Amino acid sequence: MTKQALPTKTLPAVHLRVPTHEDAFVWHRLFDDPDVMEFFGGASSELSEYEELTARQRRHDAELGFCFWTLLDADGEPIGFTGAQPWPHEWGPKGEIEIGWRLGRAAWGKGYATAAAQATLDRVRAAGVRDVVAMVDARNERSVAVTRRLGMELAETFTAPVSKREAYRFRLAL
């Protein structure tokens, strides 16, 4: 019995740009949705958190050549973010590069996360990163599916210290 490749879905065109200060307002608006924030504490973040996050991402891009970029659709409209950054917490994979994505609800189910994550892998590989991790809430089936489409392997199951929920650490050697 030979293994047949599954048909591949054509991924949408995406563009990644370094987040601007104005993107803090865009991200705040896009993610002000309980469905979007379900696996990130459930509640919307304050605008000031997005202002700090976009500023930190601009520093990462300048210093490392990668960051969490603003994700734009083919028409140039912001639909979320994706990218990579050094793991920012005291717990977990300290010293490793995390890839991640978060999209506004209207962009779900259209292949944007996978397309943008693949573009991220290309960019971090070009920046000399040798492997990446993705930290995913175990209940987040959509993000788990993205990690699998990227070819990531489950490296660890753990209890997240803040949410106290089961989570996964996926890994991919570049």
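Which helix does His60 lie in? His60 sits in helix α2, where helices (H or I, at least four residues) and strands (E, at least two) are DSSP runs numbered from the N terminus. The structure is a predicted model, in which local features need pLDDT of at least 70, side-chain atom pairs count only at pLDDT 80 or more, and totals for chains, interfaces and linings use all residues. Residues are numbered from 1 along each chain as its sequence is written, and side-chain values use heavy atoms, with hydrogens and water left out.

His60 has 13% relative accessibility, so it counts as buried; buried means under 20% relative accessible area, exposed over 50%, and partly exposed in between (1.4 Å probe, protein chains only). Setting aside neighbours within four places in sequence, His60 is in contact (heavy atoms within 4.5 Å) with Gly65, Phe66, Cys67, Gln85 and Pro86. Helix α2 also holds Leu47, which is partly exposed at a relative accessible area of 23%. With neighbours within four places again left out, Leu47 is in contact with Ala24, Phe25 and His28. The C-alpha atoms of Leu47 and Trp27 are separated by 8.7 Å, and these two residues are 20 residues apart along the chain.

As for the overall fold, the chain has four helices and seven strands, and from the N terminus on its elements run β-α-α-β-β-β-α-β-α-β-β. The chain's radius of gyration is 16 Å, close to the 16 Å from the globule rule for 174 residues, so the chain is as compact as a globular protein of that length. Here the radius is taken over C-alpha atoms, and the rule is 2.2 Å times the number of residues to the power 0.38. Along the principal axes, the C-alpha trace spans about 55 × 40 × 35 Å. Buried residues account for 45% of the 174 residues. Of the contacts between residues at least 6 apart in sequence, 61% join residues at least 24 apart.

Next comes the interior. In soluble globular proteins, nonpolar side chains tend to be buried together. A nonpolar core is taken as a set of buried Ala, Val, Leu, Ile, Met, Phe, Trp, Tyr and Cys residues joined through side-chain atoms within 4.5 Å. The largest such core has 44 residues, and Ile99, Trp101 and Val132 have the most contacts inside it. Helix α3 (residues 112-126) provides the largest share of this core, seven residues. Apart from this core lies another, of five residues, among them Trp87, Met135, Ala160 and Ala167. Not counting residues up to four places away in sequence, Ile99 touches Phe68, Gly83, Ala84, Thr120, Leu121, Val132, Val133, Ala134, Leu150 and Met152.

Phe81, in strand β3, is buried with a relative accessible area of 3%. Beyond residues up to four places away in sequence, Phe81 touches Trp27, Phe31, Leu53, Phe68, Trp69, Thr70, Leu71, Gly100, Trp101, Arg102 and Leu103. Phe81 and Gln57 are 11 Å apart in space, C-alpha to C-alpha, and 24 residues apart in sequence.

Then there are the pockets. On a 1 Å grid over the protein atoms alone, a pocket is an open set of points where a 1.4 Å probe fits, with protein on both sides within 12 Å along at least five of seven lines; lining residues have an atom within 4 Å of a point. Grid points are joined across faces, edges and corners, and a volume is the space filled by probe spheres set on the points. The largest pocket holds about 1100 Å³ of space. Its lining has 38 residues, with Phe39, Phe40, His89, Glu98 and Arg102 nearest the centre. Elements that give two or more residues to this lining are α2 (47-64), β3 (78-86), β4 (97-103), β5 (131-137) and β7 (166-173).

The second largest pocket has a volume of about 510 Å³. Its lining has 25 residues, and Ala113, Thr114, Arg142, Val146 and Arg149 are the closest to its centre. β4, α3 and α4 (141-149) each supply at least two residues of this lining, with α4 giving the most, six residues.

Finally, Leu174 lies in the segment after β7 and is partly exposed, with a relative accessible area of 27%. Leu174 and Val124 are 50 residues apart in sequence but 8.8 Å apart in space, C-alpha to C-alpha.
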